[in-house]
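Please go through them in order.

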Amino acid sequence: MNSFKEWDLDPKIVKGIDAAGYLKPTPIQERAISPLLKGLDVIGQAKTGTGKTAAFGIPLLQIINTAHKEIQALILSPTRELAVQITEEIKKIGRFTGAKVVTVYGGQSINVQFEALRRGPQVVAGTPGRIIDHIKRGTLDLSSVKFVVLDEADVMLDMGFIEDVEFILDTMPDKKQISLFSATMPYRIIDLSERYMSKPEKILVDSDEPSVEELEQYFTIVEQEAKQDVLAQILEKEKPKSTMIFCRTKYGAHRLARELDRKGLSAVPLHGDLSQNQRDHSMGLFRAGHVEILVATDVASRGIDIRHVDCVINYDLPQTPELYFHRVGRTARAGDPGRSFTLVSPKELYDFERIRKLTKAIIKPLTPEDEKHAQRASERPQRRGFERRRFTPRRSYGGSSGGRSGSTGPRRYGGSSGERRYGGSSDGGRSGSSSGGRSSTGGRRRYVRGRSE
């Protein structure tokens with residue numbers, strides 16, 4: 001399908017689609033819009049960034065009656081950030097229809113939401129906890145809802161929201177159209193769909209994997225204590241304008257963001273221990289380009305769709321292959337090029353080899369030595385920390401001799417003497433040398449203790 005005009009849509013919606021810059025339907029839109037317009041329930045499995053919001057947003061706008069000031073569509077999402085993104089996207093598509101869309105979530109003044117709901121919106125997008133809060137207060141009437149969306153259902157399951165979702169679904173009329181979108185389909189989600197959906201149309205587009213054609217993936221093997229030095233070297237050589245770095249723990253993400261900022265690299269954290277205002281502040285700075293690095297945990301970043309991320313770095317190895325695909329899929333979106341780098345400690349090699357075997361793309365070694373160590377790991381799967389004593393992470397990348405450097409400083413990227421090298425300064429930060437590296441005090445505004453300056 002080459003055009004949205006092939007569906008019999010309201011001309012005002014078509015005008016909004018054109019104004020929003022949509023050229024032709026993505027695969028998930030092409031396959032989901034038709035059954036949703038027919039009134040069927042839909043289960044969609046596709047990665048973030050494939051156009052899921054428009055896939056359910058366009059039929060939603062077609063179905064609601066903007067002349068009636070009552071809530072006719074409800075969209076549930078696991079995070080405030082995703083709920084806001086959905087609201088903004090539907091407003092863009094429906095800008096000429098007169099549809100009113102309201103977002104409700106925890107962390108925002110409930111009085112502000114009271115006033116917005118009193119104005120009679122047709123569409124509400126929100127998080128389960130705050131939706132239930134409004135239901136119990138009597139400020140949210142769902143008796144007229146006929147279109148329900150459960151977005152990132154597996155994330156809602158991971159965050160413990162499924163019982164809240166069930167409570168909300170039970171408060172609505174039995175006759176309602178439900179669309180469920182999820183990157184994975186664990187048993188609990190399948191059970192939810194069987195109990196609340198009627199003969200749903202199943203649409204499987206892609207699992208949460210990166211665009212293989214546009215994404216270059218690399219890995220390097222490094223001792224855990226040397227990862228900060230190697231990370232700084234990668235950032236110095238690649239000079240990405242926008243980078244997402246993934247850590248396994250909230251503490252690790254916060255500490256790494258603080259260390260990068262201390263070294264003059266503009267970085268902000270995003271994790272579950274931050275308040276809603278702090279998370280909003282971090283996302284706002286990163287989206288606007290005021291900071292170049294977002295250091296995040298998996299749960300905090302799920303569902304956030306950010307275009308033009310140049311580089312993804314796995315500082316800690318993800319716990320599952322699925323998480324790896326989700327992380328690196330944050331770059332190389334919609335045809336844009338991107339790169340990913342995975343820092344693998346020796347004890348993580350066994351698990352990393354499992355990821356390499358499952359991915360459809362080639363994850364290239366950064367150096368020949370990396371490939372040798374990875375090969376030995378695959379040959380000895382029972383020994384996770386194989387040959388730890390023989391591993392020396394602080395070496396020269398490339399170099400005219402092709403061997404290891406005799407120095408004890410951090411590893412360096414580069415080949416001949418005319419190439420840029422990773423590192424160069426004793427603290428691993430970016431240097432102000434003629435190699436093109438930016439000084440620690442120049443460039444974009446720094447993020448210091450929760451504020452930009």
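The points below concern a predicted model and take up a helix pair, then a sheet and a helix packed on it.

1. The axes of helix 8 (residues 162-170) and helix 9 (residues 187-196) come within 12 Å and cross at roughly 5°; because angles under 35 degrees count as roughly parallel, helix 8 is described as roughly parallel to helix 9.

2. On the helix 8 side, the contact is made by Ile-162, Glu-163, Val-165, Glu-166, Leu-169 and Asp-170, which meet Arg-188, Ile-189, Leu-192, Arg-195 and Tyr-196 in helix 9. By class, the residues of this contact divide into 6 nonpolar and 5 charged, with no polar ones.

3. Within helix 9, the buried residues are Ile-189, Asp-191, Leu-192, Ser-193 and Tyr-196. The buried residues of helix 9 pack against helix 8 and also against strand 1 (42-45), strand 5 (147-150), helix 7 (153-158) and strand 6 (177-181).

4. Elsewhere in the model, 7 strands form an open sheet with parallel pairing, in the order 10-11-9-12-13-8-14. Its edge strands are strand 10 (267-270) and strand 14 (363-365), each of which pairs on one side only, and neighbouring strands are turned against each other by 20° on average, direction ignored.

5. Within this sheet, strand 8 (residues 215-221) and strand 13 (residues 338-344) pair in the parallel sense over 7 bridges, and Ile-221 has Val-344 in strand 13 as its bridge partner.

6. Helix 11 (residues 250-262) packs on the sheet, where it touches strand 9 (243-246), strand 10 and strand 11 (293-296), and the direction of helix 11 makes about 170° with that of strand 10.

Notes
Residues numbered from 1 in each chain as written. Predicted model: local features only at pLDDT ≥ 70, side-chain atom pairs only at ≥ 80, totals over all residues. Heavy atoms only, no water. Axes fitted to C-alpha atoms, helices over the stretch in contact; angles between N-to-C directions. Helix = DSSP H or I, 4+ residues; strand = E, 2+ residues; numbered from the N terminus. Parallel < 35°, antiparallel > 145°, perpendicular 65-115°, else oblique. Contact = heavy atoms within 4.5 Å. Nonpolar A, V, L, I, M, F, W, Y, C, P; charged D, E, K, R; others polar. Buried < 20%, exposed > 50% of the residue type's maximum accessible area, 1.4 Å probe, protein only. Pairing = 2+ DSSP bridges.
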